Structure formats: structure tokens, C-alpha cells
Amino acid sequence: AIERTFSMIKPDATKRNLTGKIVDRLESAGLRVVAQKRIWMSRREAEGFYAVHKERPFFDELCEFMSSGPTVVQVLEGENAIAKNREVMGATNPAEAAEGTIRKDFAESIGENSVHGSDGPDTAKEEIAYFFAATEVVG
Ligand code: CMP
């Protein structure tokens, strides 16, 4: 089925001017960018976005990093978009990511791993709504 998922290009990648290269990977996989904006999250916005991880030992480091520079937030649309995006991203830890994936080719570490993508339909909905109004998503 045609789905929508939420995607984010993280500060390590925007800093290295990799936005276009990453968007090309997504589009080449058949995903369409139906909403996109460049933002600089506040610490509080990062904490809200990653609230599900607040008990994790890496939570502080994660929110510090995600508010350390610009990110590009996106809505991607396509056949099985959630799973397809996760496949194109590769494993969270770049050391475990498959050849040819975004994280294998661009990520610097498990924390500075270049991209985020929703892990399921419920989180996709929530994450899209966290950053985008319905009128900003144009399919
Ligand atoms: P993401 O898909 O954005 O969701 C949560 C993020 O936490 C994850 O990608 C990683 O970048 C980050 N993360 C996971 N494990 C660790 C860790 N051990 N140390 C630092 N960051 C981590």
C-alpha cells in the first residue's frame, strides 16, 4: 500500500553538505518527498521528539546533538514507504549497516548517524504531526 513516513537528515549530514546526496538515495529508491523543510531544533523540541527514549543512557547526548545544528525534516510517500526508507537508511549503527545504505556510506557513529526514519505506522503519524501541518504535505 502507499504509505507516508517521516524522515530527518541529521546535523552531522547537513554540516557536511550531504542533503542532496541523501535525498537522491531516497528518490532513487522510489520514495517521493511530499513535504520538506530545513529547521534548527531547540533542545526542548529535540527532547519532545525523542521523548520515548528519555530513560535511555544516551538521551542527553542525543538531544544535545540533534539541537546542535540544522536538520532537514521530510515526509516521504511511496509503496511500503516505512520499510523502504528503513532499508535505504541501513542499521542504526553504521558499523552494522549493509553495503550501499545511507548510514554505511555517510554515518559517522551510532549517535551521528545522518538520518532518522519512523519505525512503524503509528510513529510515522505522530512524527509527521510533530513537524508538519496537514496543509504542508503535498502529495
Ligand atoms: P534514531 O533513528 O534517530 O532514533 C534514536 C537515536 O538514538 C538513534 O537513531 C541513534 O542515533 C541514537 N542512539 C541509539 N543508540 C545510541 C547510543 N548507544 N549512543 C548514542 N546515540 C544512540
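Colleague: Which residues does UniProt place under the feature "binding site"?

Modeller: The unreviewed UniProt entry gives Lys10, Phe58, Arg86, Thr92, Arg103 and Asn113. The lining of the largest pocket includes Lys10, Phe58, Arg86, Thr92, Arg103 and Asn113. UniProt positions are in the numbering used here, feature names are shortened, and annotations may be inferred rather than shown by experiment. A pocket, on a 1 Å grid over the protein atoms alone, is an open set of points where a 1.4 Å probe fits, with protein on both sides within 12 Å along at least five of seven lines; a cavity is a set from which the probe cannot get out, and lining residues have an atom within 4 Å of a point. The model is predicted: local features need pLDDT of at least 70, side-chain atom pairs count only at pLDDT 80 or more, and totals for chains, interfaces and linings use all residues. Residues are numbered from 1 along each chain as its sequence is written, and side-chain values use heavy atoms, with hydrogens and water left out.

Colleague: Why is phenylalanine 58 called partly exposed?

Modeller: Its relative accessibility is 34%. Buried means under 20% relative accessible area, exposed over 50%, and partly exposed in between, with a 1.4 Å probe and protein chains only. Phenylalanine 58 therefore counts as partly exposed. It sits in the loop between helix H3 (43-49) and helix H4 (59-66); helices (H or I, at least four residues) and strands (E, at least two) are DSSP runs, numbered from the N terminus.

Colleague: What makes arginine 86 partly exposed, and where does it lie?

Modeller: Arginine 86 has 36% relative accessibility, so it counts as partly exposed. It belongs to helix H5 (residues 81-89). Leaving out residues up to four places away in sequence, arginine 86 touches Gly117, Ser118 and Asp119, where contact means heavy atoms within 4.5 Å.

Colleague: Which residues surround the ligand?

Modeller: Lys10, Tyr50, His53, Phe58, Glu61, Leu62, Thr92, Arg103, Ile110, Gly111, Asn113 and His116. A residue is near a molecule or strand if one of its heavy atoms lies within 4 Å of it.

Colleague: Is histidine 116 buried or exposed?

Modeller: Histidine 116 is at 12% relative accessibility, so it counts as buried. UniProt lists His116 as "active site" in the unreviewed entry. Histidine 116 lies in strand E4 (residues 115-117). Beyond its neighbours within four places in sequence, its contacts include Lys10, Tyr50, Arg103 and Glu127.

Colleague: How do you know that glutamine 74 is buried?

Modeller: Its relative accessible area is 0%, so glutamine 74 is buried. Glutamine 74 is part of strand E3 (residues 71-79). Its side chain makes polar contacts with the side chain of serine 7 at 2.8 Å and with that of glutamine 36 at 2.6 Å. Among the residues it touches, not counting those up to four places away, are Phe6, Val23, Leu26 and Phe132.

Colleague: Why is serine 114 called buried, and what does its side chain reach?

Modeller: Serine 114 has 0% relative accessibility, so it counts as buried. It lies in the loop between H6 and E4. Its side chain and that of aspartate 12 are joined by a polar contact of 2.8 Å, and the serine 114 side chain reaches the backbone oxygen of phenylalanine 106 at 3.5 Å.

Colleague: What makes alanine 95 exposed?

Modeller: Alanine 95 has 69% relative accessibility, so it counts as exposed. It is found in the loop between H5 and helix H6 (102-106). Isoleucine 102, in helix H6, has a relative accessible area of 0% and is therefore buried.

Note on methods: A polar contact is a pair of N or O atoms within 3.5 Å; within protein, one must be able to donate a hydrogen and the other to accept it, and residues adjacent in sequence count only if both atoms are side-chain atoms.
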